[in-house]
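Here is a short briefing on one protein chain. Look over the sequence and the structure first, then read the notes by topic.

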Amino acid sequence: MENNGCFGTFMEKAKPYIAMICLQFGYAGMNIITKVSLNRGMSHYVLVVYRHAFATAVIAPFALALERKVRPKMTFPIFMQIFVLGLLGPVIDQNFYYAGLKFTSPTFSCAMSNMLPAMTFVMAVIFRMEKVDIRKVRCQAKVVGTIVTVAGAMLMTLYKGHVINFIWSEHMRSYAPSTGAATGSTDKDWLKGSFLLIIATLAWASFFILQAVTLRRYSAQLSLTALVCFLGTLQSIAVTFVMEHKPSVWTIGWDMNLLAAAYAGIVSSSIAYYVQGLVMQKRGPVFVTAFSPLMMIIVAIMGSFILAENIYVGGVLGAVLIVLGLYFVLWGKYKEYKEKEAEEIIEAIKGVNFMPPIYEEMEVYDIEKQKPEANLSGLPISEPCMIAMAVKVPINSLEEEVKGKN
């Protein structure tokens, strides 16, 4: 029984970590599949529309059924926050991210996205969602971890070094040389892609901050996810009509384009938004974004298998720095979480007070009132018995009150 209890406690504490790691695998798969679809000529504007249409269709029935009685009342300020969430996430972030992915490669895009924890941490400090006391070790760990994570991402971007040859990558390259990550891209395209990815990451960090604020007033996670995806779909349709003028771009069949839209909508939008909201309510936005560097490592490995991407020495060194920085950030967040738990326990103990003085006086008065009634009936009442009748009253206070009456 004790072992089961310990295992249950361990799993309860490990749930946020397991959920975020699983999400990174889901995001990694989305990057690979989306890159293949974009290479085949699919418009990223149309992909965003279909992605969130799938996400809305999947998550909306669950929101309607499961949160029918607990859904908060919709107000205009909450609606505007959800509207801006749809603009930041589905429209700005994903359109710019897909455009940057088209000009670069999945591994490079993920490496640039590793600025997300740093941007989120800085924005959380600005909006006073994170408190930084540089004298505390846990705060120093979060700051150092953020800097090291960004340094690792920049190392991957600016320094390549020699190519690391794997047996499987050589095999894939011999059969599919045209699927290289960015073999035809020029330096100008990579610079443009980098700029687009920075804007996308900034929008994504803003999305996390605003989502954390919105969840305080609109706590129905499924309904919030469904509304964000629905409004994002409408906004993306409007953007696509402006940017794409050929009706043929909307054509989609039973091919990789449909798989990319369905996978991204179901896994990377509906499930991801919901799980992120749950974890964010318990651990905050910085904890959620601290796992994004893992996606880059997963994509680098998957890209070498599927897309025959080259893995460079600089990429490996950058990955090591990113993992080290991630450890520092998570360690700081863990210490902060334990301190918060200890403070809540102390506050709970302080909240347990003794019986108020007024109640004590009422108890003593009742005892004294019962004394003459008992004597009239011929039933003697001893002083210890009277004290026992008011167990909530301190003994010393009761004795002094009785002696004063006598």
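Ser206 counts as buried because its relative accessibility is 17%; buried means under 20% relative accessible area, exposed over 50%, and partly exposed in between, with a 1.4 Å probe and protein chains only. This is a predicted model, in which local features need pLDDT of at least 70, side-chain atom pairs count only at pLDDT 80 or more, and totals for chains, interfaces and linings use all residues. Residues are numbered from 1 along each chain as its sequence is written, and side-chain values use heavy atoms, with hydrogens and water left out.

**Overall make-up**

- The protein chain has 16 helices and two strands. Helices (H or I, at least four residues) and strands (E, at least two) are DSSP runs, numbered from the N terminus.
- The chain has 406 residues, and 47% of them count as buried.
- Take the contacts between residues at least 6 apart in sequence: 88% of them join residues at least 24 apart. Contact means heavy atoms within 4.5 Å.

**Ser206 and its surroundings**

- Ser206 sits in helix H8.
- Its side chain reaches the backbone oxygen of Leu202 at 2.9 Å. A polar contact is a pair of N or O atoms within 3.5 Å; within protein, one must be able to donate a hydrogen and the other to accept it, and residues adjacent in sequence count only if both atoms are side-chain atoms.
- With neighbours within four places in sequence set aside, Ser206 is in contact with Leu88 and Met123.

**Cavities**

- Two cavities of 30 Å³ or more are present. On a 1 Å grid over the protein atoms alone, a cavity is a set of points where a 1.4 Å probe fits but cannot get out; lining residues have an atom within 4 Å of a point.
- Grid points are joined across faces, edges and corners, and a volume is the space filled by probe spheres set on the points.
- The largest cavity holds about 330 Å³ of space.
- Its lining has 22 residues, and Tyr27, Asp93, Leu116, Trp204 and Met295 lie nearest the centre.
- Two or more lining residues of the largest cavity come from each of helix H1 (2-39), helix H3 (76-103), helix H8 (187-217), helix H10 (256-283), helix H11 (285-289) and helix H12 (292-306). H1 gives the largest share, five residues.
- By class, the lining of the largest cavity has eleven nonpolar, nine polar and two charged residues. Ala, Val, Leu, Ile, Met, Phe, Trp, Tyr, Cys and Pro count as nonpolar, Asp, Glu, Lys and Arg as charged, and the others, Gly among them, as polar.
- The second largest cavity has a volume of about 30 Å³. Leu85, Phe207, Gln211, Leu224, Thr225, Val228 and Tyr273 line the second largest cavity.
- H8 and helix H9 (221-243) each give two or more residues to the lining of the second largest cavity. H9 gives the most, with three residues.
- The lining of the second largest cavity divides into five nonpolar, two polar and no charged residues.

**Second largest pocket**

- A pocket is an open set of grid points with protein on both sides within 12 Å along at least five of seven lines.
- The second largest pocket holds about 620 Å³ of space.
- Its lining has 23 residues, with Met129, Glu130, Lys333, Glu336 and Lys340 nearest the centre.
- At least two lining residues of this pocket come from each of H8, H10 and helix H13 (313-350). H13 supplies the largest share, six residues.
- The lining of the second largest pocket has 14 charged, seven nonpolar and two polar residues.

**Cysteines**

- The disulfide count is zero, where a disulfide is a pair of cysteine sulfur atoms within 2.5 Å.
- Cys110 is buried because its relative accessibility is 0%. Cys229 is buried too, at 0% relative accessibility.

**Two further sites**

- Thr104 lies in the loop between H3 and helix H4 (106-113). Thr104 counts as buried because its relative accessibility is 0%.
- Thr104 and Lys35 are 69 residues apart along the chain, and their C-alpha atoms are separated by 9.5 Å.
- Val150 belongs to helix H6 (residues 137-158). Val150 has a relative accessible area of 22%, so it counts as partly exposed.
- Val150 and Met115 are 35 residues apart along the chain, with 5.6 Å between their C-alpha atoms.
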